[in-house]
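My entries follow in the order I made them.

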Amino acid sequence: MTELAAPLSFTSTKMNLGRAGTVEWMERVILPCAPRLARLSFFVCLPYPLLSTARELLSGSGVGVGAQNTWTGGGNVTGEVSPCLLAELGCGHVMVGHAERRNLFGEDDSLVARKAAAASEAGLVPVVCVGEQQRVSTSAAARHTARQARAALENFAEDAPVLVLYEPGWAIGAERGASPEHAAEVLEELHRVETRARARFLYGGAVVAGTYTALRERGVWDGAALGRAVHDVGLLREVTAEMLAA
Ligand SMILES: O=C[C@H](O)COP(=O)(O)O
């Protein structure tokens with residue numbers, strides 16, 4: 001069994017906070033929790049225009065900065081942001097293939113694969129997001145998710161680090177996330193198709209205190225992505241304490 005010293009965690013603010021809101025949130029929630037967040041190798045994925053501000057604010061805190069999306073390289077693509085620029089701006093990670101991008105912009109596995117490869121070549125760690133959009137049976141979810149991961153990482157460098165985030169679309173913002181049993185079966189399938197030594201597996205979707213422990217009891221999860229759990233300092237302390245103790 002693969003064991004990690006401490007689980008990994010991150011969050012994405014999506015488009016929910018402007019500049020002032022992001023600064024306020026970081027000062028009120030992230031910086032006070034920074035010592036424990038650093039133990040979780042925590043990073044925040046932000047809209048492009050806020051990356052430099054965040055880098056400055058979080059400098060020396062141990063909390064990293066990541067992007068929510070990227071493109072497949074550089075060149076003449078109006079309106080996109082290359083992974084090389086993200087690396088230059090100090091990002092360590094970039095999300096690719098989030099459920100919302102697949103849903104709203106029709107991003108498919110082939111595009112996600114090209115983005116992941118380009119991100120990795122630029123020195124970023126891609127967070128490859130996979131998961132069923134609608135509620136389906138556990139076996140169907142496992143097959144679907146494993147197929148997405150296989151396609152996204154088919155030509156990915158064998159020795160490069162990658163985070164695979166299982167985040168079922170239906171669990172995002174839902175009252176409850178996937179049951180540990182459901183997630184465990186999906187994870188098992190993900191481990192079967194993705195065997196790179198430096199691949200790490202995270203769960204996301206309605207994560208609360210207790211989620212990570214319940215998942216860990218049923219499989220080798222390397223961490224969890226936090227959404228609503230990062231809105232409030234008390235909640236974040238609770239969830240991260242539980243993760244560090246798991
Ligand atoms: O994109 C997914 C979110 O980060 C999950 O958010 P949530 O934990 O509030 O459901």
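**Pockets**

I began with the lining of the second largest pocket, which by class has seven nonpolar, five polar and two charged residues. Here Ala, Val, Leu, Ile, Met, Phe, Trp, Tyr, Cys and Pro count as nonpolar, Asp, Glu, Lys and Arg as charged, and the others, Gly among them, as polar. The model is predicted: local features need pLDDT of at least 70, side-chain atom pairs count only at pLDDT 80 or more, and totals for chains, interfaces and linings use all residues. Residues are numbered from 1 along each chain as its sequence is written, and side-chain values use heavy atoms, with hydrogens and water left out.

I noted how a pocket is defined: on a 1 Å grid over the protein atoms alone, it is an open set of points where a 1.4 Å probe fits, with protein on both sides within 12 Å along at least five of seven lines, and lining residues have an atom within 4 Å of a point. Volume is the space filled by probe spheres set on the points, with grid points joined across faces, edges and corners.

The second largest pocket has about 180 Å³ and 14 lining residues; Gly177, Ala178, Ala206, Val208 and Thr211 lie nearest its centre. Helix H9 (residues 211-216) gives the most to this lining, three residues. Helices (H or I, at least four residues) and strands (E, at least two) are DSSP runs, numbered from the N terminus.

I then took the largest pocket, with a volume of about 910 Å³. Its lining has 37 residues, and Ser12, Thr13, Lys14, Met15 and Glu100 lie nearest the centre. I sorted the lining into 18 nonpolar, twelve polar and seven charged residues. Strand S1 (8-12), helix H1 (19-30), helix H5 (99-105) and strand S8 (223-226) each supply at least two residues; the largest share, four, comes from H5.

**Positive phi**

Most residues other than glycine have a negative phi. Lys14 has a positive phi near 50 degrees and is found in the loop between S1 and H1. At a relative accessible area of 24%, Lys14 is partly exposed (buried is under 20%, exposed over 50%, partly exposed in between, with a 1.4 Å probe and protein chains only).

Ala206 also has a positive phi, about 60 degrees, and sits in the loop between strand S7 (199-204) and H9. Ala206 counts as buried, at 15% relative accessibility.

**Helix H6**

I checked the span of H6 (residues 109-121). Buried residues of H6 include Leu111, Val112, Lys115 and Ala119. The buried residues pack against helix H4 (83-88), strand S4 (93-96), H5, strand S5 (125-130) and helix H7 (138-152), where contact means heavy atoms within 4.5 Å.

**Whole protein**

I counted ten helices and eight strands. The radius of gyration is 17 Å, close to the 18 Å that the globule rule gives for 246 residues, so the protein is as compact as a globular protein of that length. The radius is taken over C-alpha atoms, and the rule is 2.2 Å times the number of residues to the power 0.38. Of the 246 residues, 52% count as buried.
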